[in-house]
Every structure is written in C-alpha cells, then in structure tokens.
Amino acid sequence: MLSEDAIRAIEGVIKRYSEKRGGLLPTFHIVQKDRGWISEEAIEEIARILDIPPIEVKEAVSFYTMFNTREVGKYHIQVCTNLSCSLLGGRHIVDYLERRLGVDVGKTREDKRFTLSEVECLGSCGTAPVMQINEDYYENLTEDKIDRIIGSLA
Ligand code: FES
C-alpha cells in the first residue's frame, strides 16, 4: 500500500500532464522514495491511479535500472564495475564491501540494513571507482574512504 503522502504527491504530479500516463516516471521516483522499491502491489496501484494497464507500468519500471523491482535494505549500495571503474579497482571494491558488510553481492543482509549490487556505468567515469548509496554518489573510492562512509551510516 502506498502512503497517503505518496498518493497525494502522485496526484499532484499527474495534474501537470495532459495525459495521466505522462507522470509515470515521476511517479516511480515518488513510490521508490516512499517504499524503497516498486512491488507488484505498487505497480497495480500506479496503474489504477494513472488509469493505464498494469503491464504498461511493469514494462516501464523494468526498463529503468535505477528503479528497484525487488525489496532492498535501508542502504542500497550500488558499485559500478564497468570499464573505467573496473580498471581502477571496482571489482576489489565489491569484494571489500562483501567482506566489510557481511553480505554477498546481489543480496540483502539479514538485518535489512544493506543491499549490495553491482551495476553498469553510473556516468561518473572520471572519478572512478564509484558507488551510489541510495541517492548519493561516492567517488574515487579506497578502502579507507569506504570505512568512513559506512561508519557515517551507523
Ligand atoms: S565506468 Fe564506472 S562510472 Fe562509468
């Protein structure tokens, strides 16, 4: 179930479009901020509010990798392992985070605090290696820097 606030925000956004479906992408952002991910149940609700078939919502949400279609932890850590980041230690960053957090890549830790994912280019190749935690980017990563970042989340 979407929160009352999320539903109000979606209704506010779709008023800006001549057709309700125009508000699909902003709606995904609202739902992800509200719930942390976009579930099958949320897809049904979005379809109802935007007055479009659920399959259309599902196709759109699965197209954009920035939207979570599975439940994630409080902190979703996405590490880029594309070319520039890999050359500068992106794979090592993933291994380090797996050990540091006690969670395998592609998984959520049991306490639901951290989800660790490997992703394609985050568009910040000049500051590789890079990771994203929820909405924030962290660049020029080293083990020390990661320790400070993870410590600040405690
Ligand atoms: S290759 Fe990692 S941000 Fe582009």
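1. **Ground rules.** This is a predicted model, so to speak of local features a pLDDT of at least 70 is needed, side-chain atom pairs count only at pLDDT 80 or more, and totals for chains, interfaces and linings use all residues. Residue numbers start from 1 along each chain as its sequence is written.

2. **Overall layout.** The protein chain has 7 helices and 5 strands (DSSP runs numbered from the N terminus: H or I of at least four residues for helices, E of at least two for strands). Read from the N terminus, the order is α-α-α-α-β-α-α-β-β-β-β-α. The C-alpha trace spans about 50 × 35 × 25 Å along its principal axes.

3. **Burial and contacts.** Of the 154 residues, 25% count as buried (20 or more other C-beta atoms within 10 Å of a residue's own; 12 or fewer is exposed, in between is partly exposed, with C-beta atoms placed from the backbone). Take the contacts between residues at least 6 apart in sequence: 55% of them join residues at least 24 apart. A contact here means two C-beta atoms, placed from the backbone, within 7 Å.

4. In α3 (residues 40–50), the buried residues are Ala42, Ile43, Glu45, Ile46 and Leu50. Seen down the helix axis they fall within an arc of 165 degrees, so they line one face of α3 (the arc is taken over directions from the helix axis to the C-beta atoms). Turned away from that buried side are the exposed residues Glu40, Glu41 and Arg48. Cover for the buried residues includes α1 (4–14), α2 (24–35) and α4 (54–63). Just after the helix, have a look at Asp51, with its positive phi of about 60 degrees.

5. **α3 against α4.** How do these two helices cross? Their axes come within 8 Å and cross at roughly 120 degrees, with axes being lines fitted to C-alpha atoms (for helices, over the stretch in contact) and angles running from 0 to 180 degrees between N-to-C directions. The pair is therefore oblique; under 35 degrees would be roughly parallel, over 145 roughly antiparallel and 65 to 115 roughly perpendicular, with the rest oblique. α3 supplies Ile43, Glu44, Ile46 and Ala47 to the contact, and α4 supplies Pro54, Val57, Lys58 and Val61.

6. **The sheet.** An open sheet of 5 strands runs in the order β2-β3-β1-β4-β5, with mixed pairing (strands pair if DSSP finds at least two bridges between them). β2 and β5 (136–138) are the edge strands, each pairing on one side only. Helix α6 (residues 90–101) packs on the sheet and touches β1, β3 and β4, its direction making about 155 degrees with that of β1.

7. **Around β1.** β1 (residues 75–80) pairs in the parallel sense with β3 (residues 114–119) over 6 bridges. β4 (residues 131–133) is antiparallel to β1, over 3 bridges.

8. **The β2–β3 hairpin.** β2 (residues 107–108) runs antiparallel to β3, joined by 2 bridges, and Thr108 stands opposite Thr115. Between the strands of this hairpin there are 5 residues, and Lys112 takes a positive phi near 65 degrees.
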